[in-house]
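User: Can you walk me through this structure? I'd like to start with the ligand.

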Amino acid sequence: MNTSDQFLAEAADLLGARGFTTDTELVTPWLTDWRGRFTGRALGLASPASTAEVAALVRLCARHGVPIVPQGGNSGMSGGATPDESGKAIILSLRRMDAVRSFDVDARQITCEAGLILQTLHEKAEEQRLRFPLTLGGKGSATIGGLISTNAGGTQVLRHGSMRAQVLGIEAVMASGEVFDSLQPLKKDNRGFDLKQLLIGSEGTLGIVTAATLRLLPALADRAVLWVGLGDVRDARKLLLHAEKVAGGALEGFEIMPRHSLEAVLKHSANARPPLGEQHEWNALIELTADASGVDALPTLAQDLLESAFEKGLVVDATIARNEAQAEEFWMLRDEIAPAERALGPAMQHDISVPVADMADFVADAVPKVEKVFPGTRAVAFGHLGDGNVHFHVLAPADATPGVWEKNEGKRISAFVHDEVTAWNGSISAEHGIGQLKRAELERLGDPTHLAIMRQVKRALDPQGLLNPGKLVALETTGEHL
Ligand SMILES: Cc1cc2nc3c(=O)[nH]c(=O)nc-3n(C[C@H](O)[C@H](O)[C@H](O)COP(=O)(O)OP(=O)(O)OC[C@H]3O[C@@H](n4cnc5c(N)ncnc54)[C@H](O)[C@@H]3O)c2cc1C
């Protein structure tokens, strides 16, 4: 028996038929990332049922030098959960581990396993009149382990923060096979480094998250969803500041979209209707929320916010959703932008942030610049203005050849956009992580000290380099970008 046969036999022995397979039909669906940009090969698909099994598998992999690609719902946007083409790694799926271990309704805390799907978590919280304040378009697939490992964001970060702010404790299997357990939350704990925070956003390169304790909030009693037409993206920034002043803690979401994106959605989605009589250059979608104590005041608050914004000349037109069905329609217009634009042809998509105060100026500056340097393209920026994070998409010229355009012109466009973002002191990955998609760009543009420290941490925690190799951070500088 050669080494890999030996490994396969031991893995099958350890995890049983449900826990380990090399069946091509079962493995293949998990070899390609969500967006279909990366496809790899794998020795097999491991689906352990417990933390003890994960730990034993990690020890087995360490003994045989087999790389491990952790995978949750495979909804990530940066190819982080896809193995490389060598076929030497295994995929370690956490999807089978989806139990709720404990639920403390009074303390508003839930401890669940890494494979629990976000939508299921929402439902479990709602059953107890609580809510988990993080949501995103991939909620039907994304798992708690994946959300933690990418430090996911979404549309409620403005008020509640990203995944980092929701995690109270973590259980993880480290590269040595040891189990790091910080599941019991302590409000105050100053015993040194906060290792759970190091694991959050580490994209499976430092440890395998097996469970987490998460904070929950009281359920919402009501929400007011406002649609606003604006003349200029800079007015969106002024409106955001105004909304923060008037609505304070009730402001839960503030999203922007340009006229082009709204028109694309109206054309693409049969059920989409324009919220306002006329089209405007920019649109803002604002959500105000209230728990039981603030529910009576909410309609007046929404009305006051709009009236005072009109008085200040910040908005051109606006409306408040009449009921929950219309509120959902407004949000659907936002959520449908990505598919609507995909239907228009190839595009280079960038998930970027700059300091919140500068985002409107950045968009006003970068959109015409990109279109001038790359004639025939159209740049659109939409999303989470309140977090200083937009999806900056550059759509291909009408005569572009799909597949070819992305590899040639598209690559140059992305480098240009990332250079611009870096010049504005921003980040080339606001939400979606680095994965394999942006690793060379991170090496090209990242702060050398930051990168060197990340490599030192990687060497300390995963000296064999077996945890998700080729993603986010390598043991040594790769020089890929040169
Ligand atoms: C329609 C749609 C909309 C989206 N919208 C948003 C959005 O608004 N904001 C946002 O931030 N993201 C968004 N995403 C991206 C995606 O949902 C998130 O990145 C999510 O966190 C990925 O979770 P997952 O379980 O699918 O992880 P996967 O895709 O399986 O993995 C993602 C990364 O985490 C690692 N990983 C997974 N599980 C573990 C684990 N248990 N331990 C260690 N490492 C692990 C993987 O190795 C990989 O590096 C969207 C995706 C879709 C499809």
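This is a predicted model: local features need pLDDT of at least 70, side-chain atom pairs count only at pLDDT 80 or more; totals for chains, interfaces and linings use all residues.

User: What do the backbone atoms of G73 and G76 do?

Analyst: A backbone N or O atom of G73 sits 2.8 Å from a ligand oxygen. For G76, a backbone N or O atom is also 2.8 Å from an oxygen atom of the ligand.

User: And which side chain has an N or O atom 3.0 Å from a ligand nitrogen?

Analyst: S149.

User: How much of the ligand's accessible area does the protein cover?

Analyst: On its own, the ligand has 970 Å² of accessible area, and the protein covers 92% of that.

User: Switching to salt bridges. How many are there?

Analyst: The structure holds 22. One of them joins the side chains of R259 and E281, at 3.1 Å from N to O.

User: Where do R259 and E281 lie?

Analyst: R259 is in helix α10 (residues 259-268). E281 is in the loop between α10 and β14 (282-290). They are 22 residues apart in sequence, so the pair ties those parts together.

User: Are R259 and E281 buried or partly exposed?

Analyst: R259 is partly exposed, at 29% relative accessibility. E281 is partly exposed too, at 42%.

User: What about K369 and D365?

Analyst: Their side chains form a salt bridge, 3.4 Å from N to O. Both residues lie in helix α14 (residues 359-373), four residues apart, or about one turn of the helix. K369 has a relative accessible area of 33%, and D365 has 30%.

User: Then K458 and D462: buried or exposed?

Analyst: Both are buried. Their salt bridge has its closest N and O atoms 2.7 Å apart.

User: Which residues are linked in a network of salt bridges?

Analyst: R223, E287, E324 and E328.

User: Last topic, the surface. Which residues make the nonpolar patch?

Analyst: F193, L195 and L198 make a patch of about 340 Å². L195 belongs to helix α8 (residues 195-199) and is partly exposed, at 39% relative accessible area.

Key
Residues are numbered from 1 along each chain as its sequence is written. Side-chain values use heavy atoms; hydrogens and water are left out. Patches are made of residues with over 30% relative accessible area and no salt bridge: like charges are joined within 9 Å, nonpolar side chains (Val, Leu, Ile, Met, Phe, Trp, Tyr) within 5 Å. Accessible areas come from the Shrake-Rupley method with a 1.4 Å probe; for residues, only the protein chains shown count as cover. A salt bridge is a side-chain nitrogen of Lys or Arg within 4 Å of a carboxyl oxygen of Asp or Glu. Helices (H or I, at least four residues) and strands (E, at least two) are DSSP runs, numbered from the N terminus. Buried means under 20% relative accessible area, exposed over 50%, partly exposed in between (1.4 Å probe, protein chains only). A polar contact is a pair of N or O atoms within 3.5 Å; within protein, one must be able to donate a hydrogen and the other to accept it, and residues adjacent in sequence count only if both atoms are side-chain atoms.
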